[in-house]
Amino acid sequence: MTQEAELPGKRVLVLRPDDLGPNEMKMWREIRTESGAPANPFLDPVFTAAVGQVRPRARVAVLQDDGSPVGFFPYEAGALGRGRAIGLGVSDSQGAVLRPGVRLDARRLLRVCGLSSWEFDNLEAGQGAFVPHAVEELASPVVDIGDGFEAYARRLRARSPGFLRQTLAKERKLARQVGEVRLVYDARDPGALRALMEWKSAQYRRTGRRDRFAQEWITRLVGLLGRSEEPECRGVLSVLYAADRPVAAHFGLRSRTVLSWWFPAYDRAYAKYSPGLVMQLKMLEAAAADGVESLDLGSGPARYKESLKTRDLRVYEGAVVRAVPGGAVHWLGREPARAARRFVRNRPGLAAAAARTLEEVGRLRGG
C-alpha cells in the first residue's frame with residue numbers, strides 16, 4: 001500500500017514497513033549516520049520493520065526531494081487518526097530520521113500522514129520539529145565503555161566505590177553458596193528467555209504494573225528481534241548462571257556500537273545475592289570486548305542507574321496535536337493522566353508512596 005502527498009518542496013510516500021526496499025533501508029542508515037545521532041537500534045529500519053510485522057497499523061512516511069529520500073518518519077496509526085511513535089511502550093528512542101538541513105513543520109507532516117496527533121515518550125534530543133511539543137524532558141542514563149571495561153571500572157571505583165565493592169562481594173558469595181558463576185553474553189537459550197519473561201511478568205504483577213509480556217505483540221516482537229542477524233539491530237540475550245542454573249537474564253537490543261538496556265529480570269529465590277547487578281557488571285565487560293561503546297539504560301529513575309552511569313542523554317515526552325476532532329480526543333484521553341504522572345514523578349515522596357501502593361495492589365492480586 002502506497003499513499004502520496006506533498007509537503008512544501010517535498011513529495012511524501014506513506015508505506016507499510018515491509019514495503020521498504022534495500023535501497024530505502026540503506027538510505028535510512030546513511031541519513032542516520034550523516035545526522036551524527038547515536039546509533040540507537042530503536043531508530044534503525046529493522047526495528048520499524050519488526051514492529052510492522054506485529055502491529056498492522058505501522059507506517060513509514062518517506063520524504064523525497066527530487067526523487068531521492070531525505071527523511072523517514074515511522075509511526076503507528078490508530079482510530080480517528082491518533083498516531084504514536086513506532087513501538088510506543090517498548091521503544092527507548094523515537095523520532096524522525098532526517099538528512100541534516102531538512103526542516104519540517106510537525107503538524108503539516110501529521111496532516112499529510114492522515115494523523116490528528118502523534119504521541120511520543122522517548123523522543124531523542126535534536127528532533128527540532130517535535131521537541132517544541134514536548135511536555136517533559138527526562139534524563140536517560142548512559143554508560144560509556146568505548147575506552148574498555150577496565151577504564152570504566154576505574155571511573156566507577158572512584159565515583160561509586162561502595163556500589164562496586166558490594167556487588168563484587170555479592171558475586172563471590174553467590175559462587176561460594178550456590179556454585180560457579182558465569183555469564184553467557186549472547187546466549188541462544190530458549191529456556192532462559194522463557195524464564196526471563198516469567199520473572200519479568202511476575203515483577204510487573206508484583207509492582208502493580210501492566211504486564212508487557214501479556215501483550216502478544218510484544219512477545220512476538222522480542223522473538224523476531226531475537227532471531228535477527230542484522231548488525232545494526234538485533235536482540236542479545238545475556239544470562240547469568242550459578243551452578244549452571246539461570247539466576248538473572250537480560251534481553252536487549254544492540255547496534256554495532258550501542259546496547260539498549262531493555263528487559264532485565266532475575267530469579268527472586270536468589271535476590272540476596274543481587275544477581276541483576278552482578279549480571280550487569282559482567283555484561284558491561286563482555287559488551288566492551290564485543291565493540292559496544294555505550295549502554296543506554298533508558299529513562300526512568302533507578303538507584304543502580306545513578307551508580308553505573310557516566311552521563312545522561314535527554315529524551316522527551318509529549319504529543320503533537322492538530323486542531324481537529326481526533327486531536328481533541330487524544331488530548332482528553334491522554335493529557336490529564338500524563339499531567340498526573342508528571343505531578344507525582346516530580347515529588348519523590350509522593351512517587352515512593354505511589355510505588356508502595358502499586359506493590360500492595362500487586363500483592364492483593366496474587367502477584
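Me: In this predicted model, what makes Gly179 stand out after H5?
Reply: Gly179 follows H5 and has a positive phi, near 150°.

Me: How do you know what span to expect of helix H5?
Reply: The expected span is 1.5 Å times one less than the number of residues. Helix H5 covers residues 161-177, which makes 17 residues. From its first C-alpha to its last H5 reaches 24 Å, close to the 24 Å expected.

Me: Which residues of H5 are buried, and what covers them?
Reply: Gly162, Phe163, Leu164, Thr167, Glu171 and Leu174 are buried. Their cover includes H4, strand S9 (181-184), S10, S11, helix H8 (275-289) and helix H9 (303-308).

Me: Why is Asp147 called exposed?
Reply: Exposed means over 50% relative accessible area. Asp147 has 67%, so Asp147 is exposed. Asp147 sits in the loop between strand S8 (134-144) and helix H4 (149-159).

Me: What makes a set of residues a nonpolar core, and which residues have the most contacts inside the largest one?
Reply: The members must be buried nonpolar residues joined through side-chain atoms within 4.5 Å. The largest nonpolar core has 33 residues, and Phe47, Leu221, Leu225, Leu237, Phe251, Trp262 and Phe263 have the most contacts inside it. Elements giving two or more residues to this core include helix H2 (45-54), helix H7 (216-226) and strand S12 (258-266). H6 gives the most, with seven residues. Apart from this core lies another, of 31 residues, among them Phe163, Leu164, Ala242 and Tyr273.

Me: Which residues does Leu237 touch beyond its neighbours within four places in sequence?
Reply: Leu237 is in contact with residues including Val184, Tyr185, Leu193, Leu196, His250 and Phe251.

Note on methods
Residues are numbered from 1 along each chain as its sequence is written. This is a predicted model: local features need pLDDT of at least 70, side-chain atom pairs count only at pLDDT 80 or more; totals for chains, interfaces and linings use all residues. Side-chain values use heavy atoms; hydrogens and water are left out. Helices (H or I, at least four residues) and strands (E, at least two) are DSSP runs, numbered from the N terminus. Buried means under 20% relative accessible area, exposed over 50%, partly exposed in between (1.4 Å probe, protein chains only). Contact means heavy atoms within 4.5 Å.
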